[in-house]
Amino acid sequence: MRGVKWIFFDVGSTLVDETAAYRRWAAEVLAGTDIAPAEFEAQRRCLAEAGDPGDGAVLARFGLSDVPWHPEEEEVPFPDAAPALSELRRRGYSLGILANQVAGLPERLAQRGMGGLFAVIVTSADFGVKKPDSALFEATLRQAGCLPAEAAMVGDRLDNDIAPAKRLGMRTVRILQGYGALSRPRNGWEEPEETVRTLAELPGLFSEDKGETE
C-alpha cells in the first residue's frame, strides 16, 4: 500500500475475540424474556448478512433494551495479533487504535500483551461519539498528525470501519472475523481495498520498505 505511514485498528473481532463477552451480553439481554437464545442468534446472523452486524439492530428487532458490556469477559487477543503488530512496527509503520470501546482500553491492551504497541489510541469513550461518525476518524488522524492518504484502517465491519475510512480517503483492509464477516458490501463505500482472513496475512499487504508496494 503505497504512501501509508500509519495503520489504525478496530479492537473487537479485529484484535480481540469477543465471543465470551457477547455470550454474557446476550444472556443478560434475554434475562426475564421468553425469547430463545437460538432465535436471538438466528436474527443476529440474519441482520449481519443484511449488512448490520451491530448490537442495536438485533435489540430493535426484538424491542429489547441494551445492558452494559463486560470488557473483562473478552477473550485473549487472536493468537496472531501480537506477532503481526510487532512485524508491522519492525517495518517502520506507526500503529494506532480507532475503536468503539468503553473506558480503560489502554489498560486492557496492556493486560493482553499489547501494551506499548500503539502510538495513538482513540476510542468512543474518549470523544463521546461512535463509529461510523467521521468525527472520531478525524480526531484520530489529528492526533497522529497524518493525512488520510497516509493512513490505513483495519477492521471487521463494513459499515463502521471500511465505509467511513474510505469516505475520508484512507486505505482500507477488512478482516473476516466476528459477525462482520457475514456482511456483504451494499455500495462502493463498503468495498474494502484489501481483505484478509487472519491478522497473520496483514504484513503481506505492507512493504518491507515503508511507503512502497511489494
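Six strands make up an open sheet, ordered β3-β2-β1-β4-β5-β6, and their pairing is parallel. At the edges of this sheet are β3 (120-123) and β6 (194-196), each of which pairs on one side only. The model is predicted.

- Strands of a sheet pair through backbone hydrogen bonds, and the pairing is either parallel or antiparallel.
- On average, and with direction ignored, neighbouring strands of this sheet are turned by 20 degrees against each other.

**Helix α7**

- Helix α7 covers residues 134-144 and packs on the sheet, where it touches β1 (6-9), β2 (94-99), β3 and β4.
- The direction of α7 makes about 160 degrees with that of β3.
- The buried residues of α7 are Leu136, Phe137, Ala139, Thr140, Leu141 and Ala144.
- An α-helix has 3.6 residues a turn, so residues three or four places apart point the same way.
- The buried residues of α7 are covered by elements including β1, β2, β3, α6, β4 and α8.
- At the start of α7, the backbone nitrogen of Ala135 has a side-chain oxygen of Asp133 within 2.8 Å.
- Just after α7 comes Gly145, with a positive phi of about 70 degrees.

**Helix α8**

- Helix α8 (residues 158-168) lies across β4 and β5 and runs at about 165 degrees to β5.
- Eight of the 11 residues of α8 are buried, so the helix is mostly covered.
- These buried residues are Leu158, Asp159, Asn160, Asp161, Ile162, Ala163, Pro164 and Ala165.
- Their cover includes α7, β4 and β5.

**Nonpolar cores**

- The largest nonpolar core contains 30 residues, and Phe9, Phe118 and Phe206 have the most contacts inside it.
- Elements that give two or more residues to this core are β1, α4 (81-90), β2, α5 (105-111), β4 and β5.
- The most is given by α4, with four residues.
- Another core lies apart from it and has 15 residues, among them Ile35, Phe40, Leu64 and Tyr179.

**Trp25**

- Trp25 is located in helix α1.
- Is Trp25 buried or exposed? Its relative accessible area is 1%, and because anything under 20% counts as buried, Trp25 is buried.
- Leaving aside neighbours within four places in sequence, the contacts of Trp25 are Phe40, Arg44, Asp55, Val58, Leu59, Asp66, Val67, Pro68 and Trp69.
- With one of these residues, Asp66, the side chain of Trp25 makes a polar contact through the side chain of Asp66, at 2.8 Å.
- The C-alpha atoms of Trp25 and Gly204 are separated by 35 Å, and the two residues are 179 residues apart along the chain.

**Backbone features in loops**

- The peptide bond from Lys131 to Pro132 is cis, and its omega is near 15 degrees.
- Pro132 sits in the loop between α6 (124-127) and α7.
- Ser13 lies in the loop between β1 and α1 (19-30).
- The phi of Ser13 is near 65 degrees, which is a positive value in a residue other than glycine.
- Ser13 has a relative accessible area of 10% and is buried.

**Cysteines**

- A disulfide is a covalent bond between the sulfur atoms of two cysteines.
- How many disulfides are there? With sulfur atoms required to lie within 2.5 Å of each other, the count comes to zero.
- Cys46 is partly exposed, because its relative accessibility of 40% falls between the limits of 20% and 50%.
- Cys146 has a relative accessible area of 9%, which is under 20%, so Cys146 is buried.

Note on methods. Residues are numbered from 1 along each chain as its sequence is written. This is a predicted model: local features need pLDDT of at least 70, side-chain atom pairs count only at pLDDT 80 or more; totals for chains, interfaces and linings use all residues. Side-chain values use heavy atoms; hydrogens and water are left out. Two strands pair if DSSP finds at least two bridges between them. Axes are lines fitted to C-alpha atoms, for helices over the stretch in contact, and angles run from 0 to 180 degrees between N-to-C directions. Contact means heavy atoms within 4.5 Å. Buried means under 20% relative accessible area, exposed over 50%, partly exposed in between (1.4 Å probe, protein chains only). A nonpolar core is a set of buried Ala, Val, Leu, Ile, Met, Phe, Trp, Tyr and Cys residues joined through side-chain atoms within 4.5 Å. A polar contact is a pair of N or O atoms within 3.5 Å; within protein, one must be able to donate a hydrogen and the other to accept it, and residues adjacent in sequence count only if both atoms are side-chain atoms.
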